[in-house]
Amino acid sequence: MHQLKVAIFDFDGTLFPEETFPLMMNHLKQHPKYKNKYRRFITKILPIYVAYKTNFYPEQKMKEYSMRTYISSFKKASAKEINQFFFEIGSDMRKNLNASVLERIDLHRKNGYYIMLVSGAFLPLLQAVTKDIPFDSIIGTSVPLKNDLFDKNTPIIHIHGARKKDKIFAQLANDSIDWENSFAYGDSYSDLDVLELVGNPVAVKPEPRLLQIAEQRQWEVI
């Protein structure tokens, strides 16, 4: 039976060498239509961010709260308006992707791998940034819609950690996977769940905690 080999790529800090959230905040602040939402957004997240920085609030919960608060700025917006907003951010981000990671994507593509992008970033942003990159599947945090409008009553399910792994398994449920000869790329400790799935984990400019693990386990570091 043929087994599929996969190459899984993280986004923030991996394909895109920076964190996306500061760029999203700046775009909201300067946007002609949505800039009036910026003050409310900052007012809501600031206490949570301070609690996180003083070790009173977990990092992942802080990120999830920030994502929910950010996307709530789009009340009554249509899917087209939301996609356009993220397309504007993505147009600039496309110019600054990690060249080494792009080379790996191209290499795996030529070698017949199934190429996946798996990130906690909002899906329309990921689609905008990577519109010229032939990913076989893109997994990200969905923006809830109802009747083609933003749905404030549907909770945001932030894709992170173990949820990334669950989404990968769901996407590949109908295939037999050669995990031992598959690859995964990530930059942070939170990518560990995905990196440990494969026989060839690659740490991309890793943060200190991930670098320590990569060195202990003799993983490739780029």
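Visitor: What should I know before we start?
Guide: This is a predicted model, in which local features need pLDDT of at least 70 and side-chain atom pairs count only at pLDDT 80 or more, while totals for chains, interfaces and linings use all residues. Residues are numbered from 1 along each chain as its sequence is written, and side-chain values use heavy atoms, with hydrogens and water left out.

Visitor: How many salt bridges does a search of the whole structure find?
Guide: The search finds 12, a salt bridge being a side-chain nitrogen of Lys or Arg within 4 Å of a carboxyl oxygen of Asp or Glu. One of them joins D10 and K164 at 3.4 Å, N to O.

Visitor: Are D10 and K164 buried or exposed?
Guide: Both D10 and K164 are buried (buried is under 20% relative accessible area, exposed over 50%, partly exposed in between, with a 1.4 Å probe and protein chains only). D10, K164 and D191 are linked in a network of salt bridges.

Visitor: And K95, which residue does it form a salt bridge with?
Guide: K95 forms one with D92, the closest N and O atoms being 3.6 Å apart. K95 is exposed at 63% relative accessibility, whereas D92 is partly exposed at 47%.
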